[in-house]
Amino acid sequence: MHMAPPTDRSRTTQTNRWPQQKRGLLAACLAHALHDGYTDGLYAFLPVWQAQFGLSYAALAVVRALYYGTMGGLQIPSDRALRGLSPRAALVLSTVLAAAGLLIMGLPFGFAGLCVGLVVAGIGSSIQHPRGSMLVADSYGEASRRPLGIYNFSGDLGKAVLPALIALLLPILAWQSVLGLMAVLGLALAVVLRILALAAPGTRTAAKGTASGGGRGGFPMLATIGALDTATRMGYLLFLPFLIQERGGDTPVVGLALALLFIGGAFGKAACAWLGERLGVAGSVMLTEAATALLIAATLVTPLTPTLVLLPLLGIVLNGTSSVLYGTVPELARDDTGQAFALFYTCVIGSGGISPILYGAVADHSNPTTGVLASAATAALIVPLVLVLRPHLRSHQALHEIKTKGS
């Protein structure tokens, strides 16, 4: 059969598709880097605030919880409240709110202003995760797994750059001025995001899940696996400094150990997204979680130098699995990808807040070695759970193949 040549309009659509996708991915990645940088950058201010306001360690934990708890607890409500906004517009709003929160914290309103600013910034960051993820999934559709891995990786870049920049500025400038500069950076990024939004054609405001029927039942298990993966990571990070000190490492060596783990983790975000495309979700997650459990256990018996050598490898599998899990959310979403990401991030962030307390309680009632082994056991527990998830992934794959043949 003779095929009609493509019209000028279809040629234009095909030509503009990739730039549109890249603009969406760039916007999401820039927002993710900034917001995650804000989140980890707050740690650098804690000693300053403790001295400024005479806070105890418990009070510092409460101050941190104002931001972290707001960000985690409002993922679902913020996603529902902003259904009328496109993902790009929501990212602009989230960045403006986060920057405004930092600006309030830096103004001379005392401790009350600090607390209000933390809540406002937390509200802004609660919008970013589900809407940024939805923008990427909406832009790339069925091919969103690797772009979501890139989006996930961009958050690690922000965590590496902004806290380091804040740490460099604090000895030079007053902490209020540093917060002001961070707020200006956020507002500048909001302008860039707005330009990207104007340059791109409109996107759907609610991306539908790509799975239906049998694929729907897998999402709760996916969220459970994501929560346990985060619990493993946070639990090990809680004990790593003490592990290094027990082997004779001083404070600089502890910093080096953390840096090696984080460098491996940043690389793992990209590497495991690539691995997921080749081994599939189930195969890659089972491999990385089994390797995580073994490497965590290995660091309990190795001397200091071999432990430092193992840490980048451990970081790859410890942190990289999340890219595969995030990339699977659109496939197993029930009805709305944005809501699915909001639920997933709520589970992950909630686990990140609660799990260190539980692992700490285990160590308090036994010893730190038992706490580390508990984190390794959590990683091992994920392996059989992936076997439960596998039929839902196969169901989605079968449905996708049927749709592809039908089109």
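User: How much space lies in the largest pocket?

Analyst: In this predicted model, about 2000 Å³ of space lies in the largest pocket. Of the 50 residues that line the largest pocket, the closest to its centre are Asp40, Tyr43, Arg64, Met234 and Leu237.

User: Which helices each supply at least two residues of that lining, and from which helix does the largest share come?

Analyst: At least two lining residues each come from H1 (8-53), H2 (57-73), H6 (145-169), H8 (219-246), H9 (251-298), H10 (304-332) and H11 (337-364). The largest share, nine residues, is supplied by H1. By class, the lining is made up of 30 nonpolar, 13 polar and seven charged residues.

User: What makes Asp36 and Lys159 a salt bridge?

Analyst: The closest N and O atoms of Asp36 and Lys159 are 4.0 Å apart, and the criterion asks for a side-chain nitrogen of Lys or Arg within 4 Å of a carboxyl oxygen of Asp or Glu, so the pair is counted as a salt bridge. The pair links distant parts of the chain, with Asp36 in helix H1 and Lys159 in helix H6, 123 residues apart.

User: Why is Asp36 called buried, and why is Lys159 called partly exposed?

Analyst: Asp36 has a relative accessibility of 8%, and buried means under 20%, so Asp36 counts as buried. Lys159, at 34% relative accessibility, falls between the 20% limit for buried and the 50% limit for exposed, and therefore counts as partly exposed.

User: How many salt bridges does a search of the whole structure find, and what is the separation of Asp229 and Arg233 along helix H8?

Analyst: The search finds two salt bridges, and one of them joins Asp229 to Arg233, with the closest N and O atoms 3.2 Å apart. Because Asp229 and Arg233 are four residues apart in helix H8, about one helical turn separates them. Asp229 has a relative accessible area of 2% and Arg233 a relative accessibility of 11%; the cut-off for buried is under 20%, so Asp229 and Arg233 are both buried.

Key:
Residues numbered from 1 in each chain as written. Predicted model: local features only at pLDDT ≥ 70, side-chain atom pairs only at ≥ 80, totals over all residues. Heavy atoms only, no water. 1 Å grid on protein atoms, 1.4 Å probe; cavity = no way out; pocket = protein on both sides within 12 Å on 5 of 7 lines; lining within 4 Å. Points joined across faces, edges and corners; volume = space filled by probe spheres on them. Nonpolar A, V, L, I, M, F, W, Y, C, P; charged D, E, K, R; others polar. Buried < 20%, exposed > 50% of the residue type's maximum accessible area, 1.4 Å probe, protein only.
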